[in-house]
Amino acid sequence: MSASISEALQARDIAMRLVTDHANKQVPGWSAAAFDYLLRYSMEHATVNSEDLTDSAYDSGPPALRDVPVDARAWGPIFQRAARLKFIVRTDKTYHRRHGNGTLGLLWASRLYLPTPRVARQTEPARQLELC
């Protein structure tokens, strides 16, 4: 007997809630820190590769994300929340996953990306204004 789509979605939501609860028990406030990190990362990157983001969080994120390694699946609900709020959207662009035996993963496009303005090089010396 197969489960209906609504039963499958309900099971998914329960699993996502359990993994988030477990992460927050290991590190109080983990999900809030992870969501905040995803938003800040998305402001600096036009596309978001979930593995690059999580590796960055483990390497240089706030202590709540670095000190205790939480199961990487706990990031799933964080990405889903950001997608529901339209901060990130799925693209059709793929990448080879390092942590998934080279299987293809889909990139997220950031809707928060703020490109850093480039400073134009000055090609001629500045002119002094003469005051009358």
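An axis here is a line fitted to C-alpha atoms, for helices over the stretch in contact, and the angle between two axes runs from 0 to 180 degrees between N-to-C directions. Keep in mind that the model is predicted.

**The whole chain**

Colour the chain by secondary structure. The protein chain has 5 helices and 3 strands. Read from the N terminus, the elements follow the order α-α-β-α-α-α-β-β. Of its 132 residues, 31% count as buried. Among contacts with a separation of 6 or more, 56% come from residues 24 or more positions apart.

**Helices α1 and α5**

Two packed helices are described by the angle between their axes and the distance between the axes. Select residues 5-26, which are helix α1, and residues 75-84, which are helix α5. Their axes come within 8 Å and cross at roughly 115°. Angles of 65 to 115 degrees count as roughly perpendicular, so α1 is roughly perpendicular to α5.

Now show side chains where the two helices touch. Which residues meet there? From α1 they are Met16, Val19 and Thr20, and from α5 they are Gly76, Pro77 and Gln80. Sorted by class, this contact has 3 nonpolar, 3 polar and no charged residues.

Stay on α5 and select its buried residues: Trp75, Pro77, Ile78, Phe79, Ala82 and Ala83. Then step past the end of the helix to Lys86, which follows α5 and has a positive phi, near 65°.

**The aromatic rings**

Show the rings next. The structure holds 5 aromatic pairs. Select Trp30 and Trp75: their ring centres are 5.3 Å apart and their planes stand at 80°, so this pair is edge-to-face. Trp30 belongs to helix α2 (residues 30-44) and Trp75 to helix α5, so the pair ties together parts that are 45 residues apart in sequence.

Are these two residues buried or exposed? Trp30 is buried, with a relative accessible area of 1%. Trp75 is buried too, at 2% relative accessibility. Buried means under 20% relative accessible area.

Ring pairs link Trp30, Trp75, Phe79 and Trp108 into a cluster.

**Leu53**

Move to helix α3 (residues 50-60) and pick Leu53. At 0% relative accessibility, Leu53 counts as buried. What does Leu53 touch, leaving out residues up to four places away in sequence? The answer is Tyr37, Leu38, Tyr41, Val48, Trp75 and Phe79. For Tyr37, which is 16 residues from Leu53 along the chain, the C-alpha atoms of the two are separated by 8.7 Å.

**Thr94**

The last stop is strand β2 (residues 88-96), where Thr94 is found. Thr94 is partly exposed, with a relative accessible area of 43%. Leaving out residues up to four places away in sequence, Thr94 touches Leu104, Gly105 and Leu106. Select Leu107 as well: Thr94 and Leu107 are 13 residues apart in sequence, and their C-alpha atoms are 5.8 Å apart in space.

Conventions:
Residues numbered from 1 in each chain as written. Predicted model: local features only at pLDDT ≥ 70, side-chain atom pairs only at ≥ 80, totals over all residues. Heavy atoms only, no water. Helix = DSSP H or I, 4+ residues; strand = E, 2+ residues; numbered from the N terminus. Parallel < 35°, antiparallel > 145°, perpendicular 65-115°, else oblique. Contact = heavy atoms within 4.5 Å. Nonpolar A, V, L, I, M, F, W, Y, C, P; charged D, E, K, R; others polar. Phe/Tyr/Trp six-rings, centres within 6.5 Å; stacked < 30°, edge-to-face > 60°. Buried < 20%, exposed > 50% of the residue type's maximum accessible area, 1.4 Å probe, protein only.
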